[in-house]
Amino acid sequence: MRLWEHLSHCLRIHWRILNLNNKEAKLRIIPLGGLEQIGMNITAFEYGDSIIVVDCGLSFPDDDMLGIDLVIPDVTYLNENIDKVEAFVITHGHEDHIGALPYVLRTVNVPIYATRLTMGLIERKLEEHDILESVERHVVNFEDKVKLGAFEVEFIKTNHSIVDAAALAIYSPAGTIVHTGDFKVDYTPVYGDSINLQRFAELGHQGVLALMCDSTNAERQGFTFSERTVGRTIDGIFQDNVDRRIIIATFASNVDRVQQIINSAYKYGRKVVLEGRSMGNIIETAQNLGCINIPDNTLIPIDLLKDYPPEKTAIITTGSQGESMAALSRMASDSHKKIVIDSNDVIVFSSHPIPGNEKPVTKTINALLSKGAEVIFQDAHVSGHACQEEIKLIYTLVQPLHAIPVHGEYKHLKAQANLLRELGYDKDRIHILRSGDVLEFNGTEANVVERIETKDVLVDGLGIGDVGNVVLRDRQILSANGIIVVAAAIDKGSREFVCMPEIVTRGFIYVKESDDIMEEMQDILVDTVDEIMEHNVVDITKMRSMIRDALSSYIWNKMERRPMIMPIIMEV
C-alpha cells in the first residue's frame, strides 16, 4: 500500500511539472461567493494542477430564509477537484471570511494559512466543532511567502477593523495577482504598524497582472478616518458622563475598538464587563496572543457587577446590529438575566448598521429610549474599509494590467469600476464578476470563459444543505397563511372511509370565532368523500389530491388565502 501511495505521489508531482511547463495551462480566478452581496467571501485561484482558495466566509440569512441560521458557499467545484486543492489562505478573522471553514473543512480538508490572530479565531471555531486536531494549520508572518503547488503567496500588512489583516500577493506562472482583502489606509493605527504601502509600490514596479480590490466603501468620497478618532470620541463620552453607567455595543471582532474603550474606562477608574459569548471569546484570544493590552484588575465577571456603583462600571457588549439573541437586545427587551437598563444609563452604538439591519437596530434603540436611557449612535464609529481616495492610492501604487473589484454588492463593484475609468482604465481591463464566473487569463488578455453553478448552502441547526428552496417555500407559506391538517382513516380491505375526516388548523383562523367557515369546510369534505366513493378511488395519493384541491379552491374563493393543506389518510 505504501509503495502505491509513493508512486501516486510521484505521478502527481510529475503531472504538476508538466502543467507548469505546459504553455496551454492558464490562470483561472473563480469567485465561489462574496460578489454582488455582503459576506460569504471565497475565491479559488487555479493554474494547471493547483488550486488555492482565498477566504471561506459565511453570510447571514435574508428575512425570507425562515429558520435558517447561516448561509455558507457552495464548494461543489472544490470537492470535484479535491486532488488539486492545496490550501485555504485567509486574509483576516471576520465571520464573512472565516465563518464557513468548520463546515467546508469536513469535505475539503486541506491546510490553512493565516496570520496570528486570524488563526487563533479559526482554531476556536474548529475546536467548537470538534475538528481542530484533524486540520493542518500554519501561522504566517507578514512578508512571509508560502509555496503552494504552482502558486506562491506573500502576506502583506494592511489595516482593517480587526488586528492582523493581510493583503495577498499571489504569484503564478501567468503573473502576479494582488488581493487586498478588506482594508483601509490607517496612518495611526491603535495596534501595530500602518499598512505596508511600500510593498504595494514594489509589487507595482515589478509588474502586476491583476488587482482584486475591496469595494465596500467605493461609493464614499475621501479617506476613511483613523480608528484613533473614535477613541477620542469615546474618551469624551466617558468624560461627560462620570456619574452614569456606560454601555457600549460594538462588533466583537473589533479588537482595536475594545482596546480604546478599555483605555478610557481605566483612565476614569471604571471596572469593565465584557458581555456576549463572541465578545468574551475573541478578546480572550486576542489577549492570549498579545493583540490587546488590558490593565490588571480592570475586567470583572458580570456576577460582580452588582458589587460596584453603576457610575464606576462600563459594559462592552455585543448586539450593535440589533441581533435578537445578542446581549444588548436582551437588555432592551428586559430578558437579560443580570443587567437591567435604567434612566441613568448611557448606551453607545459604536457601529453602523450593516445593510439590511437598519430595522432591528432601530427597534433596539427605541426600546432602550423608552426605558429612559440616553442612546448615542452618531460619531462613535469609523469604517474598516477604504474610501475612494484610498482605492485610488492602491491602484496608483500597484498599477495592475487588469482590475477586478471585489467584496460588495453590485452597486459597490460598479462604483469602483467608475473610479477606475477616472484613472484611465479601459472597460476591457475592468472585470465585474458574478459568483461562479471563471475569469481566465491568456497572456495579457482576460475573459470570462465559463460559469460554474453556485448556490447558497443553508445551515439549519445541525443540518447543512438539507434545507432547500422547497422547504423554504413551505416555511414561507406556513408563516403567511398557516396550515390545515385533514386527518382520515380508510379500511385497508374495502378502501372505504371508516369515519368522516377531521380538520385541525394552526395559524389559519381562530376556530372558536369561525364556526361558519369550519362547518363549510366540513361540508366540502363530505362532498369530496362522496365523490371519492362514487368514482371508486382507491389510491391514497389520489384521495389526498382531491381533498387538497377541493379545500384549496373553497378557501381561495372565500378568503383569497392559500394555507398549506396536508391530508393525512391512514389505513386501518
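This is a predicted model: local features need pLDDT of at least 70, side-chain atom pairs count only at pLDDT 80 or more; totals for chains, interfaces and linings use all residues.
1. Residues are numbered from 1 along each chain as its sequence is written, and side-chain values use heavy atoms, with hydrogens and water left out.

2. Now the overall picture. The chain has 16 helices and 25 strands; these are DSSP runs numbered from the N terminus, helices being H or I of at least four residues and strands E of at least two. Of the 572 residues of the chain, 53% count as buried. Among the contacts in the chain with a separation of 6 or more, 72% come from residues 24 or more positions apart, a contact being heavy atoms within 4.5 Å.

3. Which rings pair up with F238 and with Y395? The structure holds 2 aromatic pairs. In one, F238 and Y268 are stacked, 6.4 Å centre to centre and with 10 degrees between the planes. For such a pair, the rings of Phe, Tyr and Trp (its six-membered ring) must have centres within 6.5 Å; planes under 30 degrees apart count as stacked, over 60 as edge-to-face and the rest as tilted. This pair links distant parts of the chain, with F238 in helix α7 (residues 227-240) and Y268 in the loop between α8 (255-267) and β14 (271-275), 30 residues apart. Y268 is partly exposed, at a relative accessible area of 22%.

4. Y395 and Y425 have ring centres 5.9 Å apart and planes at 70 degrees, so this pair is edge-to-face. Y395 sits in helix α12 (residues 388-398) and Y425 in the loop between α13 (410-422) and β19 (437-442), so the pair ties together parts that are 30 residues apart in sequence. Both Y395 and Y425 are buried.

5. Helix α12 deserves a further look. Its buried residues are Q388, E390, I391, K392, I394, Y395 and V398. They pack against β11 (175-179), α6, β12 (210-214), β18 (402-406) and α13. Just after α12, Q399 takes a positive phi of about 50 degrees.

6. How do α6 and α12 meet? Helix α6 (residues 197-206) packs on α12 at an angle of about 45 degrees, with the axes 6 Å apart. Axes are lines fitted to C-alpha atoms, for helices over the stretch in contact, and angles run from 0 to 180 degrees between N-to-C directions. That makes α6 oblique to α12; under 35 degrees would count as roughly parallel, over 145 as roughly antiparallel, 65 to 115 as roughly perpendicular, and the rest is oblique. L197, F200, A201 and G204 of α6 make the contact with L393, I394, L397 and V398 of α12. By class, there are 7 nonpolar residues, 1 polar and no charged ones. Here Ala, Val, Leu, Ile, Met, Phe, Trp, Tyr, Cys and Pro count as nonpolar, Asp, Glu, Lys and Arg as charged, and the others, Gly among them, as polar.

7. H385 lies in the loop between β17 (374-376) and α12, and is buried, with a relative accessible area of 15%. Leaving aside neighbours within four places in sequence, H385 is in contact with H160, D182, F183, K184, D214, T216, N217 and T224. S59, in the loop between β3 (50-54) and β4 (70-72), is buried at 8% relative accessible area. Not counting residues up to four places away in sequence, S59 touches Q37, I38, G39, M40, L70 and V71.

8. N297 has a positive phi of about 65 degrees although it is not a glycine; N297 is in the loop between α9 (277-288) and β15 (313-317) and is exposed, at 63% relative accessible area. N536 has a positive phi of about 55 degrees, and is not a glycine either. N536 lies in the loop between α15 (515-534) and α16 (540-559) and, at 62% relative accessibility, counts as exposed.

9. Finally, R562 lies over the face of W556, at 4.3 Å from the ring centre. A charge sits over a ring if NZ of Lys or CZ of Arg is within 6 Å of the ring centre and within 35 degrees of the ring normal.

Definitions and conventions
Buried means under 20% relative accessible area, exposed over 50%, partly exposed in between (1.4 Å probe, protein chains only).
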